[in-house]
Amino acid sequence: MKHFYTLSFLFSFFIAASQNLPAPAEFLGYELGSQFTRHSQVVDYFEEISEKSAMVQLHQYGQTNERRPLIYATISSEENIQNIEKIRQNHLNNVSNTDSSTDKAIVWLSYNVHGNEASSTEAAMKTLYTLITQKQDWLKNTIVIIDPCINPDGRDRYVNWYNQVKAAPYNVDPAAAEHHEPWPGGRPNHYLFDLNRDWAWATQVETQARLKAYNAWMPHIHVDFHEQYINDPYYFAPAAEPFHEIITPFQRDFQTRIGKNNAKYFDQNGWLYFTGERFDLLYPSYGDTYPTYMGAIGMTYEQAGHGMAGLGIQTNEAAILTLKDRLEHHFTTGISTVEVASQNSDELSANFRKYFETADSRYKSYALSGNADRLQKLTELLDRHEITYSYKNSGKLSGYNYLQAGNQSGNFEKNTLVVSTNQPKGKMVKVLFEPQTKLTDSVTYDITAWSLPYAYGLNTTASTSTIQAGENANFGKISNTVNPSGVGYLSKWNSMNDAAFLAALLQQEIKVRFSETTFSSQNEQFEPGSLVILKSDNMNLPNFDEKVVSIANEHKRKLTNAATGFSTSGPDFGSSSISILNPQKVALLKGDGVSSLNFGEIWYYFEQDLQYPVTPVDTDYFSSVDLDEFDVLIMPSGRYRSLLNESNLEKISSFVKKGGNLIVLEDAIAAFEGKEGFGITKNEQAKKDSTKVELIPYAQRERESIKDMITGSIIRTKIDNTHPLAFGYPDTYFSLKLTSDSYSFLKNGNNVGVIQQPEVVSGFAGSNAIKNLKNSLVFGEQPMGRGSIIYLVDNPLFRAFWENGKLFFANAVFFTNKTGYSYN
C-alpha cells in the first residue's frame, strides 16, 4: 500500500509539473498565511489554474455591487470535466424523480460569506491545488465546486483596512489597532447585509446570482466556512438542536460521519474542536440550512479568528492563533469532507433521490390572495428558488386561515396563487409557508418565525388537500393614456410599488397631493393615502400629462383620469384634507453606535426599493451638520447615549419643533426614553416584583433566561389605519418582533400600531416577555412643535424580506410630517 501511494504521489507530481501548475505561494509570491490575499489575486489564481488544468472549469456567475466578479470552479477528473454537462443533467434528474444513472458525489464548498472571516478564502486556494495535484483518485467519482469568496466586497473592505494598519511584524496583542475594525467592519456586503442570512430571501445581488448557480447543481453536500471568536477553537458537524422536522435521519447521520472524519485528522494533529453546540439547523436562510432543505448535507464549519485575529493574536489561553493555523484547519476539514463524499458517492446519490420523493407535509397546498403587487413580489421570490406555482379563480376553499388563526371555509378569490408541496422542492415550500414552525428546542441561533404569508401580508389558507390549479392569472394590463381635458390623475396607495411611483414623480419635480380621508371621484372610491396629481399644481411643468403617464406606465400604476375636482363624495380636491406633498430631503445616521445591519437595510430600501435619494451622515461630525437643510432625520437601531449629549439632543429637538420629521427605530428608541417632549417610556406594567430573588442553578440560567426573550416571533398587531403612518393597511398587521423591548402607549401622541392582549401566531416568545407586551406600542407618532417623532419599535425593513412592512416606512417619510393630528 505504501508503494501504491508513493507511485500515486509521483504520478501526481508528474502531472502537476507537466501542466506547470503553480502552487499558491509560487503564483502569489508569498506563503499562504503570511498575509491576506486581495480578492482580485484570488480570482487571478483560479483563472491561472483553470487555464492550465484540464481538471478545472472556472465560471463567473455574477458581479457584486462594487463590480467584483463572483466565481466558482468545478473540479473533477479530466474525463468527468469532459462530460460535465451530462453528469450535471443526470444528477438533476434525481430532483425531478426521473431516471438517472449518476454515481458521482457533488460537493460544494463555499468560503468567506462574512468578509472579515477571511482565512477560508486562503484555504480555498490550497484546497484547489491539493485536489488536482494529490487527490485525483477521489475526483474519479466526485465533482467538487469551490466558491472561493461569496462576499468579495466585504472581504476586500476588511483586507484593505488590515493591510493599511497592521504592524510589521504583526502585533499579537489584542489591544493593538489591527485587531479592532472600524465601523461597519468587513462582515457584511456592500449594502451591509449579512449574506449568511439571505439565502432564502435572496434580496442581495450576490445571493440572487448564487442561487442560479446552486440550483443548476443541487449538490449532495454543501459546506459554509466561517470564523468565530478567538477563544473558541473549531466547530464542525453534527449541528445542535433544534433541527427542523423535515431534516431526514440520513442527513443527520451523515453529518456525524463527516464530523467523525474531521475529528480523526484534528486528533492526529492535536487540534481542539467541538460539535453539537450553538449552531442549530432551523432558520432557513443560512448557508447550512438552505442547502439542507434542498436535500443536501448542509454544514457550517467555524474556525477561531474572526475580524479580530488578523495575521496573529494571543488568545485567553496565552496561545498565539495565526492565519496559517486558521487556513490549515479549514483546508483540513474541506479535504476531509471531499474524502467522505468520494467514499460514499452511491449512498449519497440514493438518499438524495429519496429526499425528493415525498414532501410528507400536513398541508398539501397554500392558497394566497390579496394585493396584486405583493403576489407578484412573492412569485419573483419563488422563481429564484425554482419553486413552481399556479393560479385558481373560483371554487370552494377550506383549511387553516392565517388571518383568523383557525380553520375556515370560503371561496377562491380571483387570481388566487396556489403553491403546492407536491413538487420537487415541496419540503422547502413547507419550510417557507408553514404557519407555525415546530420547535424541538427554544434555544436557537436566529429568528423562529418567517412564514411568507405573514411577511407578504397575503390572505392565506393552508389546505390538507392538494388544490388542483393551473389557470391563468389576469391582473389586467396597465396602459395609461394622456387626458388633456381633465384636471389631473388619481392613483391608489396600497403597496411599495405605489411608493416607488410617488418617489419617481417627486424626483421629476411633479407636485403631488395625498388624501387624508376617503373620497370618491367619478363613482370610484379612493382610500386614504391615494395620490392626487393635479394640473393646477404643475402649471409651469412642460409636458405634464406625458410625464405623469410615462412614469405611471413605467411603474405599472393604474391612473384614473379626473375630469373634475368636484368629488362624488368626500373632500373636493381643494380641501385641506387633500394636502400637498413636499419632496423630502432625508438624512440617515451612520457610524459608531449605529447598527450597521439596520443602516444597511434602510440604505438598501432607499436605493433599491424606493429609488429615492438619501444622505448618510456620520455620527463623527453630526454636531456640525445643519439639520435645517433636511426634512427627515432617520436614526437606525443603535446605541446613541454618547452621541445624544445635551447639545445634540437640543439640536434634534429644535429640528423637530421647526417641522422636521424624526424616525427612530428599535434600540435607538431607548436613547429618548424619559426625555422631555419625546413622550416615550418603558412599559413597566408587567415587571416582576423587584424584591423577589429566584434561586436558579447556574447550569439552568441559559434556559431560564429565555423566559424573558423573544426570538423573532410574529405577533398580531392592531393598526389605526386612519393615521397617515398606516395608510394603505387594514386594521390588522402581523409584526415580526425581534426583541422583548416593550414601550407604553404614547399619552399625548398617536398610537398607530399596538399590542393589547399579546397573540403570538408563530415563533417563540418567553412567558415573561409575552406578559410584558400587554398594552405596548409597536408604531407611534409623537407631535413636537411643528414636526413629529416616529417610533418604530419593530423594524418593518428587517433583512429586506418583510415585504408587508415596507409601506409603513414610506408613510413615515412622506405622509407623517404634518401637524394637527388628533391624539388617541
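Which residues in H3 meet which residues in H6? The views below show a predicted model, in which local features need pLDDT of at least 70, side-chain atom pairs count only at pLDDT 80 or more, and totals for chains, interfaces and linings use all residues. Residues are numbered from 1 along each chain as its sequence is written, and side-chain values use heavy atoms, with hydrogens and water left out.

**View 1. Contact of helix H3 with helix H6.** Val-42, Tyr-45, Phe-46 and Ile-49 in H3 meet Thr-121, Ala-124, Met-125, Leu-128, Tyr-129 and Ile-132 in H6 (contact: heavy atoms within 4.5 Å). Helices are DSSP runs of H or I with at least four residues, and strands are E runs of at least two, numbered from the N terminus.

**View 2. Axes of H3 and H6.** The axes of H3 (residues 39–52) and H6 (residues 119–134) come within 11 Å and cross at roughly 10° (lines fitted to C-alpha atoms over the stretch in contact; angles run from 0 to 180 degrees between N-to-C directions). H3 is therefore roughly parallel to H6 (angles under 35 degrees).

**View 3. Lining of the largest pocket.** A pocket is an open set of points on a 1 Å grid over the protein atoms alone, where a 1.4 Å probe fits, with protein on both sides within 12 Å along at least five of seven lines; lining residues have an atom within 4 Å of a point. Of the 49 lining residues, Asp-373, Gln-376, Lys-377, Asn-497 and Arg-557 lie nearest the centre of the largest pocket. H14 gives the largest share of this lining, seven residues.

Terms used:
Parallel < 35°, antiparallel > 145°, perpendicular 65-115°, else oblique.
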